[in-house]
Amino acid sequence: MHVKPEVSSIDMSNAVVFDGFTVPALSTRRMETDIELGEGQSFVIAGLLDDRVTENLSQIPGLAHLPILGALFKSRSITKSKTELVVVVTPESTYPLSPTDPKPLPNMPREFLPNTRATSALPAAPQPAASASHR
């Protein structure tokens, strides 16, 4: 079996500003491998790491450049994130249907939207009276 998982995430550090709109970039992680597994066996792929550090610096123009007092007019925040993608592969063999085979229906473990009211318990809807038209 050939396995090629891929995951994309929004990357604002490489975003493009076009006519006042910010268009974020995509950061993509992918891997590829060939494996041999039997029916019901599983294979785990791990190690697609994403380690990001985002630093935001805001300041009041002019006042932030004053000696000694300038630090009071600056703000700095750092955001760190680490994620790891883990993919579990469990193959399942399927065989195509011939044109004469009946199409399989979904197997519902319990009744979908069960009827909670019995139809005999419902009152009969009133029938509108027939009116004769006079000319």
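Reader: Does Asp11 count as buried or exposed, and at what relative accessibility?
Author: This is a predicted model, in which local features need pLDDT of at least 70 and side-chain atom pairs count only at pLDDT 80 or more, while totals for chains, interfaces and linings use all residues. Residues are numbered from 1 along each chain as its sequence is written, and side-chain values use heavy atoms, with hydrogens and water left out. Buried means under 20% relative accessible area, exposed over 50%, and partly exposed in between, with a 1.4 Å probe and protein chains only. Asp11 therefore counts as buried, its relative accessibility being 9%.

Reader: Leaving aside its neighbours within four places in sequence, with which residues is Asp11 in contact?
Author: Contact here means heavy atoms within 4.5 Å. With neighbours within four places in sequence set aside, the contacts of Asp11 are Pro24, Ala25, Leu26, Ser27 and Arg52.

Reader: With which residue does Arg52 form a salt bridge, and how far apart are the closest N and O atoms?
Author: Side chains of opposite charge can pair when their charged atoms come close. The criterion for a salt bridge is a side-chain nitrogen of Lys or Arg within 4 Å of a carboxyl oxygen of Asp or Glu. Arg52 is partly exposed, because its relative accessibility is 21%. Its salt-bridge partner is Asp11, and the closest N and O atoms are 3.6 Å apart.

Reader: How many salt bridges does the structure hold?
Author: Besides the bridge from Arg52 to Asp11, Glu6 and Arg30 are joined by a salt bridge whose closest N and O atoms are 3.1 Å apart. That pair links distant parts of the chain, with Glu6 in strand β2 and Arg30 in strand β3, 24 residues apart. For the structure, the number of salt bridges is three.

Reader: How exposed are Glu6 and Arg30?
Author: Glu6 counts as partly exposed, because its relative accessibility is 47%. Arg30 is partly exposed as well, with a relative accessible area of 49%.

Reader: Is Arg29 buried or exposed, and at what relative accessibility?
Author: Arg29 lies in strand β3, which covers residues 21–30. Leaving aside neighbours within four places in sequence, its contacts include Pro5, Glu6, Leu48 and Thr83. Arg29 counts as buried, because its relative accessibility is 17%.

Reader: In what order do the elements of the protein chain run from the N terminus on?
Author: The protein chain has zero helices and six strands. Buried residues make up 10% of its 135 residues. From the N terminus on, the order of elements is β-β-β-β-β-β.

Reader: What is the phi of Asp19?
Author: Asp19 lies in the loop between β2 (6–18) and β3, and it is exposed, with a relative accessible area of 68%. Its phi is positive although the residue is other than glycine, with a value near 55°.

Reader: What is the phi of Ile68?
Author: Ile68 lies in the loop between β5 and β6 and counts as exposed at 81% relative accessibility. Although Ile68 is not a glycine, its phi is positive, at about 65°.

Reader: What is the area of the nonpolar surface patch to which Leu72 belongs?
Author: Patches are made of residues with over 30% relative accessible area and no salt bridge, like charges being joined within 9 Å and nonpolar side chains (Val, Leu, Ile, Met, Phe, Trp, Tyr) within 5 Å. Accessible areas come from the Shrake-Rupley method with a 1.4 Å probe, and for residues only the protein chains shown count as cover. Leu72 is placed in the loop between β5 (43–59) and β6 (74–89) and counts as exposed at 66% relative accessibility. Together with Ile60, Leu63, Leu66, Ile68 and Leu69, Leu72 makes a nonpolar patch of about 620 Å².

Terms used: Helix = DSSP H or I, 4+ residues; strand = E, 2+ residues; numbered from the N terminus.
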